[in-house]
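This report goes through one protein model, part by part. Please look at the sequence and the structure below before reading on.

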Amino acid sequence: MPAIPLWQVDAFTDKPFGGNPAAVCLLSESREASWMQSVAAEMNLSETAFVRPLADGFELRWFTPKVEVDLCGHATLASAFTLWEMGIVPGDQQIAFHTRSGVLTASRKQGTIFLDFPVVTVEQCEPAAELLDALEVNPTFVGKTKFDRFLVVDSAETVRSLQPNFRTLAKVAARGVIVTAKSDMPDVDFISRFFAPAVGIDEDPVTGSAHCCLGPYWAEQLGKSELVGFQASARGGTVQVKVQGDRVILGGQAVLVMKGELVS
């Protein structure tokens with residue numbers, strides 16, 4: 001089997017070792033899902049992206065170390081960055097990715113990559129007991145999306161100081177748990193953290209897909225359609241958000257950290 005190009009890219013950051021790292025595996029032909037899952041487990045990053053050329057764009061699939069997921073922002077941003085930087089796609093050309101969440105597009109302007117993603121709606125719900133036990137917070141709002149649980153808390157400092165019980169949190173019947181609050185920082189509208197022990201990620205550094213619901217929620221709360229979110233993980237990362245009807249435009253930068261070849 002010919003060697004497969006494999007890049008590691010830090011997404012939603014302008015400096016190495018910040019933001020969220022993703023592996024990007026560039027395939028020339030279709031591979032079995034079990035093989036992709038094994039590669040993702042070997043990479044042991046929150047997401048590994050598999051990109052394959054099609055007649056009208058690229059197939060894109062995302063895997064955590066444990067499961068394939070339906071939507072991922074940072075690995076999509078990393079995939080677009082890789083295709084442009086490798087010269088596979090001209091730098092001024094939009095990229096269409098065919099995914100489990102439909103066709104997602106990426107474009108680049110003055111070093112910032114913009115992703116066109118679907119809005120993910122939040123509906124209010126009762127919190128599961130294990131959710132509150134794991135986080136030890138008193139949320140002002142509890143909701144759910146088709147992927148995650150969604151909690152709003154009283155302050156940005158509460159978000160920063162969370163120390164979840166991940167074993168308990170893994171029992172929550174959802175991909176992950178988003179915790180958010182209004183920002184206390186200049187030039188940032190809201191902050192968040194994202195926990196997903198059920199799919200092999202205790203804390204995700206920067207979660208683009210979470211901003212598909214964070215953006216619309218805070219747009220309504222704050223009365224503005226263009227916002228900036230900061231994900232307050234140890235690595236940290238900034239996501240630009242623009243809400244346009246049933247779509248969300250996510251903006252961020254990326255940095256190449258490593259490149260090599262997959263030989264198995």
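## Helix 1 and its packing

The buried residues of helix 1 pack against strand 1 (4-11), strand 2 (20-26), strand 3 (47-54), strand 4 (57-63), strand 5 (68-69) and strand 18 (254-262). Here contact means heavy atoms within 4.5 Å, and helices (H or I, at least four residues) and strands (E, at least two) are DSSP runs numbered from the N terminus. Helix 1 covers residues 33-43, and its buried residues are Trp-35, Met-36, Gln-37, Val-39 and Ala-40. Buried means under 20% relative accessible area, exposed means over 50%, and partly exposed lies in between (1.4 Å probe, protein chains only). Just after helix 1, Asn-44 has a positive phi of about 55 degrees.

## Basis of the model

The model is predicted: local features need pLDDT of at least 70 and side-chain atom pairs count only at pLDDT 80 or more, while totals for chains, interfaces and linings use all residues. Residues are numbered from 1 along each chain as its sequence is written, and side-chain values use heavy atoms, with hydrogens and water left out.

Thr-99 is found in strand 6 (residues 95-99) and counts as buried at 15% relative accessibility. The side chain of Thr-99 reaches the backbone nitrogen of Ser-101 at 2.9 Å and the backbone oxygen of Gly-102 at 2.8 Å. Not counting residues up to four places away in sequence, Thr-99 touches Leu-60, Trp-62 and Leu-104.

Ser-209 sits in the loop between strand 14 (201-204) and helix 6 (211-222), and Ser-209 is buried, with a relative accessible area of 4%. Its side chain and that of Arg-175 are joined by a polar contact of 3.1 Å. A polar contact is a pair of N or O atoms within 3.5 Å; within protein, one must be able to donate a hydrogen and the other to accept it, and residues adjacent in sequence count only if both atoms are side-chain atoms. Leaving aside neighbours within four places in sequence, Ser-209 is in contact with Leu-71, Cys-72, Gly-73 and Arg-175.

## Salt bridges

The structure holds 13 salt bridges, each a side-chain nitrogen of Lys or Arg within 4 Å of a carboxyl oxygen of Asp or Glu. One of them joins Glu-85 and Arg-108, with the closest N and O atoms 3.1 Å apart. Glu-85 lies in helix 2 (residues 74-85) and Arg-108 in strand 7 (residues 102-109), so this pair ties together parts that are 23 residues apart in sequence. Glu-85 is partly exposed at 43% relative accessible area, and Arg-108 is partly exposed at 29%.

Arg-160 and Glu-157 also meet in a salt bridge (3.5 Å, N to O). Both lie in helix 4 (residues 156-161), 3 residues apart, about one turn of the helix. Salt bridges that share partners join Arg-61, Glu-68, Asp-70 and Arg-100 into one network.

## The largest pocket

The largest pocket has a volume of about 220 Å³. Of the 13 residues that line the largest pocket, the closest to its centre are Phe-12, Thr-13, Asp-14, Gly-237 and Thr-238. A pocket is an open set of points on a 1 Å grid over the protein atoms alone where a 1.4 Å probe fits, with protein on both sides within 12 Å along at least five of seven lines; lining residues have an atom within 4 Å of a point. Grid points are joined across faces, edges and corners, and a volume is the space filled by probe spheres set on the points.

Strand 16 (237-244) and strand 17 (247-252) each supply at least two lining residues. The largest share, 3 residues, comes from strand 16.
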